[in-house]
Amino acid sequence: MTATAGFVLLALAMPRPAGPAAALPTDYEVKAAFLYNFAKFVRWPDDAMGGPRFVVAIVGDDPFGAVIDRVFVGKTVLGRPVEIRRTRVVREAAGAQMAFIGSSEHARLAEVLAALRGESILTVGDMDRFADGGGMVGFRLKDSTVRFEVNLRELRQARLQMSSQIIRLAQRVIEDGG
Amino acid sequence: MRVFEGLTVRRKLTSISVISSMTALVSASLVFLVYDATTFRERLQSRLGTEAQILSFNAVTPLLFNDSEAATATLAGLQAEKAVTAGAIFRAGESRPFAAYPRDASSGAALSPPSADS
């Protein structure tokens with residue numbers, strides 16, 4: 001009996017990130033889809049999940065527009081319907097599970113992040129050096145594809161547990177002291 | 001039996017015990033060989049199934065995050081499995097592989113997406 005087996009073909013019925021096959025998804029369509037995917041691979045402490053909704057706050061300028069509503073519409077995260085809360089006032093992000101910090105907040109990023117500290121809010125941003133500046137997940141472009149870096153220290157401080165399945169995809173992982 | 005003629009009783013007894021042990025060993029080996037040969041396919045199949053399952057689990061996030069580099073690295077684990085000549089991950093409905101692993105240059109060419117019902 002020969003030891004040649006056939007091919008292992010893995011057909012994973014994954015939906016494409018967004019839109020019809022004709023047009024490539026834009027960066028923000030991809031980023032919005034990533035936000036949804038992050039939510040599936042992060043564990044929040046029980047006391048942070050008290051509300052009936054999973055709240056995604058967008059602090060500052062909203063680069064997504066309707067795209068993010070389309071990604072989250074009709075979907076649930078951890079069994080809860082999703083609410084997109086757009087705000088310019090950081091305090092209004094209190095009670096959210098995830099916060100996207102718009103580039104408009106670049107100058108006062110430390111202040112914004114400090115306001116969210118102490119709560120278990122996954123902070124995501126796409127400004128330059130977001131993860132270095134104390135954010136948890138920073139988007140960056142690599143060869144025009146969307147990638148991200150992860151700041152484990154901040155995640156740990158917020159008592160958020162990110163799946164190793166995601167951490168291994170990060171372009172860079174910032175650990176203690178890094 | 002003629003072969004035993006002229007042997008002492010002691011020798012005869014030794015020969016008998018050697019021959020009977022040999023017979024037992026040979027027949028046991030034969031049974032094992034036949035068993036091995038008949039179950040080989042089945043065991044290979046189940047092993048490959050397990051490996052494909054592990055791979056597919058590890059391919060979920062690369063697919064979700066559109067990271068074909070990570071998916072390729074995941075597939076490269078197939079190197080350890082000599083029985084696999086090639087492997088690929090396809091997005092549903094796409095004909096170009098999202099990630100591929102050919103054991104050697106020629107084996108990758110034969111990959112085609114699985115049919116919708118598989």
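Reader: Before we start, how are the residues and chains labelled, and what limits apply to a predicted model?

Author: Residues are numbered from 1 along each chain as its sequence is written, and chains are lettered from A and ligands numbered from 1 in the order in which they are written. As the model is predicted, local features need pLDDT of at least 70, side-chain atom pairs count only at pLDDT 80 or more, and totals for chains, interfaces and linings use all residues, while side-chain values use heavy atoms, with hydrogens and water left out.

Reader: What is the mean pLDDT of chain B?

Author: The mean for chain B is 88, and 93% of its residues reach 70 or more. The term pLDDT stands for the predictor's confidence in each residue, from 0 to 100.

Reader: And what does chain A average?

Author: Chain A averages 86, with 87% of the residues scoring at least 70. Over residues 1–22 of chain A the pLDDT is below 50, and this stretch has 53 contacts in the model beyond near neighbours in sequence. A contact means heavy atoms within 4.5 Å.

Reader: Which scores does the predictor give the complex?

Author: The complex receives an ipTM of 0.74 and a pTM of 0.76.

Reader: How many helices and strands are in chain A?

Author: Chain A has five helices and 11 strands. Both are DSSP runs numbered from the N terminus: helices are H or I with at least four residues, and strands are E with at least two.

Reader: How much of chain A is buried?

Author: Of its 178 residues, 49% count as buried. Buried means under 20% relative accessible area, exposed means over 50%, and partly exposed lies in between (1.4 Å probe, protein chains only). The accessible surface of chain A comes to about 8,700 Å², and carbon and sulfur atoms hold 52% of that surface. These areas come from the Shrake-Rupley method with a 1.4 Å probe, and for residues only the protein chains shown count as cover.

Reader: Where is A:G138, and what does it touch?

Author: A:G138 is in strand β8 of chain A, residues 137–142. A:G138 is buried, with a relative accessible area of 2%. Leaving aside residues up to four places away in sequence, A:G138 touches A:G125, A:F130, A:A131, A:R147, A:F148 and A:E149.

Reader: Which residue forms a salt bridge with A:D61?

Author: The partner of A:D61 is A:R88, and their closest N and O atoms are 2.4 Å apart. This pair links distant parts of the chain, 27 residues apart: A:D61 is in the loop between β3 (54–59) and α2 (66–72) of chain A, and A:R88 is in the loop between β5 (80–87) and β6 (98–101) of chain A. A:D61 is partly exposed at 38% relative accessible area, whereas A:R88 counts as exposed at 52%.

Reader: What about A:D62?

Author: A:D62 forms a salt bridge with A:R86, with the closest N and O atoms 2.5 Å apart. This pair also links distant parts of the chain, 24 residues apart, with A:D62 in the loop between β3 and α2 of chain A and A:R86 in strand β5 of chain A. A:D62 is partly exposed, at 26% relative accessible area, and A:R86 is partly exposed, at 39%.

Reader: Which residues of helix α2 in chain B are buried?

Author: In α2 of chain B, residues 68–75, the buried residues are B:A70, B:A71, B:T74 and B:L75. Seen down the axis of α2(B), these buried residues fall within an arc of 140°, so they line one face of the helix. The arc is that of the directions from the helix axis to the C-beta atoms. On the other side of α2(B), B:E69 and B:A73 are exposed.

Reader: Which residues make the nonpolar surface patch?

Author: B:V9, B:L13 and B:I16 make a nonpolar patch of about 310 Å². Patches are made of residues with over 30% relative accessible area and no salt bridge; like charges are joined within 9 Å, and nonpolar side chains (Val, Leu, Ile, Met, Phe, Trp, Tyr) within 5 Å. B:L13 is in helix α1 of chain B, residues 9–64, and B:L13 is exposed, with a relative accessible area of 56%.

Key. A salt bridge is a side-chain nitrogen of Lys or Arg within 4 Å of a carboxyl oxygen of Asp or Glu.
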